[in-house]
Amino acid sequence: MELGKEKGTAAAHKQTLSPNTVTKTMNKSPIKTKKKKKDLEDLKKEADVNDHKLTLDELSAKYSVDLIKGHSLKTAQEILLLHGPNALTPPPTTPEWVKFCKQMFGGFSLLLWTGSILCFLAYGIHVHHSGKAQKDNLYLGFVLAAVVIITGCFSYYQESKSSKIMESFKTMVPQKAMVIRDGEKMQIDVKEVVLGDLVEVKGGDQIPADIRIIAAQGCKVDNSSLTGESEPQSRCPDCTHENPLETRNIIFFSTNCVEGTARGIVIATGDFTVMGRIASLTSGLSMGQTPIATEIAHFIHIITDVAVFLGVIFFFLSLILGYTWLDAVIFLIGIIVANVPEGLLATVTVCLTLTAKRMARKNCLVKNLEAVETLGSTSTICSDKTGTLTQNRMTVAHLWFDKTVYEADTSEEQNTGKTFPKSSDTWFYLARIAGLCNRADFKPHQESVPITKRTTTGDASESALLKFIEQSYSPVDEMRQKNPKVAEIPFNSTNKYQMSIHLLEDNSQTHVLLMKGAPERILDFCSSFMLNGQEYPMNEEMRRDFQNAYLELGGLGERVLGFCFLNLPSSFSKGFEFNTEELNFPMENLCFTGLISMIDPPRTAVPDAVSKCRSAGIKVIMVTGDHPITARAIAQSVGIISEGSDIAEGATSHHMPIGQVTSKSVKSIVVHGSELKNMDSEELDYILKTYKEIVFARTSPQQKLIIVEGCQRLGAIVAVTGDGVNDSPALKKADIGIAMGITGSDVSKQAADMILLDDNFASIVTGVEEGRLIFDNLKKSIAYTLTSNIPEITPFLLFIVLSIPLPLGTITILCIDLGTDMIPAISLAYETPESDIMRRLPRNPKTDNLVNHRLIGMAYGQIGMIQAVAGFFTYFVILAENGFKPLDLLGIRLFWEDGSLNDLEDSYGQEWTYEQRKVVEFTCQTAFFISIVIVQWADLIICKTRRNSLFKQGMKNKILLFGICEETLLAAFLSYVPGMDVSLRMYPLKINWWLCAIPYSVLIFIYDELRKLIIRRRPGGWLEKETYY
Amino acid sequence: MTKTEKKSFHQSLAEWKRFVYNPASGEFLGRTSKSWGLILLFYLVFYGFLAALFSFTMWVMLQTLNDEVPKYRDQIPSPGLMVFPKPLTALEYTYSMSEPSTYKHFIEDLTQFLKPYSVDEQKNLTNCPDGALFEQKGPNYNACQFPVSLLQECSGVHDADFGYSKGQPCVLVKMNRIIELIPKGLPQIICETKDTNVANISTYPDDGVIDLKYFPYYGKKRHVGYRQPLVAVQVIFDSSATKKEVTVECKIEGTENLKNKDERDKFLGRVMFKVTARA
């Protein structure tokens, strides 16, 4: 609660935050006794580290460590003892028994437990006051308890099954780290790394802690799991940015070093690393209720209201009718308990489980059963970009040569058929440069793997080029063998180019110099350009064209590389010793060949999925740590920002005072993280409300959280997708967090409610569809189950009021609720949607409830009443045909129930013993039960649809047909199998007693078809307002 | 999170008040008067129709019934046995011989019950031949006389107290009426007690015989004036016995179709009762 209130002002606080407060708390020895709430507030603030600004001497002094020899073994040991191991505190896992208890005592179960306890209470009162008592209440109490326990165990089992799948994701390989202590290099476990340790990392390592770099050679790190940037970042000892997350001289715990080596001082370990803070921020967040849990709570509320209302009314009524206090209390309890839909808990659980299974088959693994429906209610999806919307691998997207931009095939399956003139000679040169001047290589033994899926060594862009050439030109290996490399200058951030010299294959005497790099740098080297295989001297027109192309491709958010070459003169023929340090060869007047641009392309299925979400009324917001331009380009290409719409840059819009109307045509906005940082919650709300298409770029994990909270504040049900650690707080906070199964980090999977096993955003659409369907079908299922509550309660009510023999007993009620109604109710979960559920808006969680008064009105007030009348008709028929005419039954209860009265006279003058009339009574109860089964046929059929006619929906649901047969056979079984009279007190019926309810069954069907017809004919009419549930 | 936020008491009270009556929209319990009117009208029509349909189906069903004989009689193939007068709770006759108020109601019940059996009341009934079934074809059905004198000591003629004051209380045993039931054999009601040292049992008519002429019974409508055959049981306590308490069990014997050993129905063809007479 506290937390929620403070969240709103969190953004406002940020501005006034003194920069050192967090640093202090971080660098002081960790005091574990601090209040958790305070910690959480700290965590929500941006990471504030100043180590990157210190000089090496200051650093050495601060951590009292020798920058060459490292800690002494002894000091390291002491620090380890003081600060604890360098490991994340695992999130407080809920103990198994607590999980079990949650299943046992949560929500719906509580209702049944209350019912059960009331039953025992009623039995107790009975026994206490009259010595002997009917055991019915006792049995009912036990059955209710059993139902809760069995369904509780079932759903516990289901959830533990999916959490087992979760555990299989975890890789338990202990990581090692290279530290220098006492001047010696040593391999130690990552968890033994301490603050101030001198650490060495090299390409392929996972970073063991947050490290301030003091020396680096070509070091690049992949920060994508932390910041969402898809490209590896180079790292060096210089402080390049105020923000510790952006400066180049800090590398972060649990990110990966892609290439190069680096040496640095550990500035934070374990939970105090940036990653650790995010992880603990995640575990500190409390999750709200799932929408379905809210709905069930609302449902229980309604049911309880109805039960208590009826109970109290009849309590006073029975007092007025002259029953004793004791009787009245027992009636009160009886009525309340009779209102409990015993089978519904199991039905709902099974329905959710079925959907969860269906979704798992479609690659959505649901961790929490209740989350199954959440996607269906989702109105906003905040999606991470990298790895979710995109493929998370660089791919060549465009080529520019012969003064033309060509599009390359970026789809995962390589089946879009996009092509370019491969016959052009320029393409030959371009491909040669891209293939040869390239240090990336395929890892061995991947011949059977499709080219795009092969793993490579080396930089992402080079790998992209390698794959592209392999795919669309010729095997690169072969090319490299034919043109052996004789010299090379690798890429570095100051040169911004890469050069290599190769022997030419056709003329093995001459060398060719190939170069690629930043386009503007490349152009500087060139004095000529190639057009259709011919060299032309560089001119202004070409420069202009180049500029345009470069801007165009850059504007698409793509990384552009320029390519050029130079055929070295014969003086540098075979055998010449090239010296790349002294540059004893010409490296000017090269010939410009073209540009190739690369991007992490969107997944093929994403644009379609996004547009489906759109038409389903779901707002898709992109929240990424990546650069605004890239983010925007991807957003446009997947349709998050629709084509041709004006895009407001956040910077201009938010300076406008709130309330001032921005141009109506502007519905899209790209908001930069630094702007978001300065916004208060009102401004954020304004942006979220005003713009239809929103992209947040350069966001920190904390900001993701703030965005999610903003959406929730506006009443949206928010789904968050993400794979990185940086996404996990938002995943946890979201109504439904969706993590990626393949690329997702463990922390994100732990925080999520659902996992996309194929990492495909499109699976979310399936999830939404299934979620919406199960919501509709649960409504139908509940409507079906609740209806039979009325024919179950009214017998007891009339038993009290009219003093007639009890028309329906506890056992028969249980036979309906836990027997015949069960499978038909579940079968409604298999019902196909009535209309295109992806073409309507998400439900409004405030007004569109699972169970509303219209559903109750329909189930209790209309269909239930018809059913009750059907039951009573059957009951009166049987009694009348056996000699007790309806009018003679009124007020007969006291005599009927008197066990010592064995000559009760019927309407014909015959006399009945207690046992004889009880057999008739139980036969009536059996018949009442069977009548309910028969009217439930019709109820099941009408519950198939809420608006459409049955004739449109059809009877294709095989499970439902099976359900009808099953309930009928079960009813016949209970009635006719010998021994049932002794065990359940159910008696065989004459065939014509089965028929009594049929007219009512037909009536239910006709009534509801008529009702639905009117609803369809008069949309928005009175009948729809009052009866469409 | 805001959902779980607790509202202050005043707020929720105000909300309640607004729910009960909202002066702004004129809503009473969440509906305007027009809305209430429509929904009530809807349910009025709906239930009206339902009631009409129910009445109609009931009427049709009642039309199929025969006024004279119930459609099915298979639920009572064999008659039960019952005692008269019926004590308030269980079948235990407890009274004190010295206090007439403790047995007064038994005597009143018996007197009342036997009134139709008086000679005066039965003079319009047929004097049927003994020992044979009195089968009739209608359309008029006659009832046979059951002279109260058959009950001898328990007829109330000689002893208006039915023996209660003397420690020899009378209890009537009767076989339940079942339409067109025909006993195969000669039914008699045999009453026994295990406590023979405490009391002796006498049955009237002698040997508890029920004459076949009272069968078959043709039902309340046709068989007007039918007198159910009775057997009186007199418990004659041994005056020297200190504890005057016996349990008596009566059974229908002598027929092959009237059951008396049903496990579940303790009153099918048999009845057990307890008589306690205090001084």
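Buried means under 20% relative accessible area. The exercises below concern the cysteines of a predicted model.

**Exercise 1.** Where do Cys191(B) and Cys250(B) lie, and are they buried or exposed?

Solution. 
- Step 1. The sulfur atoms of Cys191(B) and Cys250(B) are 2.0 Å apart. A disulfide requires a pair of cysteine sulfur atoms within 2.5 Å, and Cys191(B) and Cys250(B) form one.
- Step 2. Cys191(B) belongs to strand β6 (residues 185-193) of chain B, and Cys250(B) to strand β9 (residues 245-255) of chain B. The pair, 59 residues apart, links distant parts of the chain.
- Step 3. Cys191(B) and Cys250(B) are both buried.

**Exercise 2.** Which handedness does the disulfide of Cys191(B) and Cys250(B) have? Which handedness does the disulfide of Cys128(B) and Cys144(B) have?

Solution. 
- Step 1. For Cys191(B) and Cys250(B), the torsion about the S-S bond is about 110 degrees, so this disulfide is right-handed.
- Step 2. For Cys128(B) and Cys144(B), the torsion about the S-S bond is about -100 degrees, so this disulfide is left-handed.

**Exercise 3.** Which parts of chain B does the pair Cys154(B) and Cys170(B) tie together?

Solution. 
- Step 1. Cys154(B) and Cys170(B) form a disulfide with their sulfur atoms 1.8 Å apart.
- Step 2. Cys154(B) sits in the loop between α3 and β5 of chain B and Cys170(B) in strand β5 of chain B, so the bond ties together parts that are 16 residues apart in sequence.
- Step 3. The S-S torsion of Cys154(B) and Cys170(B) is about -75 degrees, so the disulfide is left-handed.
- Step 4. Cys154(B) and Cys170(B) are both buried.

**Exercise 4.** How many disulfides does a search of the whole structure find, and what pattern do those of chain B follow?

Solution. 
- Step 1. The search over all chains gives three disulfides.
- Step 2. With bonded cysteines counted along the chain, the disulfides of chain B follow the pattern 1-2, 3-4, 5-6.

Definitions and conventions:
Residues are numbered from 1 along each chain as its sequence is written. Chains are lettered from A and ligands numbered from 1 in the order in which they are written. This is a predicted model: local features need pLDDT of at least 70, side-chain atom pairs count only at pLDDT 80 or more; totals for chains, interfaces and linings use all residues. Side-chain values use heavy atoms; hydrogens and water are left out. Helices (H or I, at least four residues) and strands (E, at least two) are DSSP runs, numbered from the N terminus. Buried means under 20% relative accessible area, exposed over 50%, partly exposed in between (1.4 Å probe, protein chains only).
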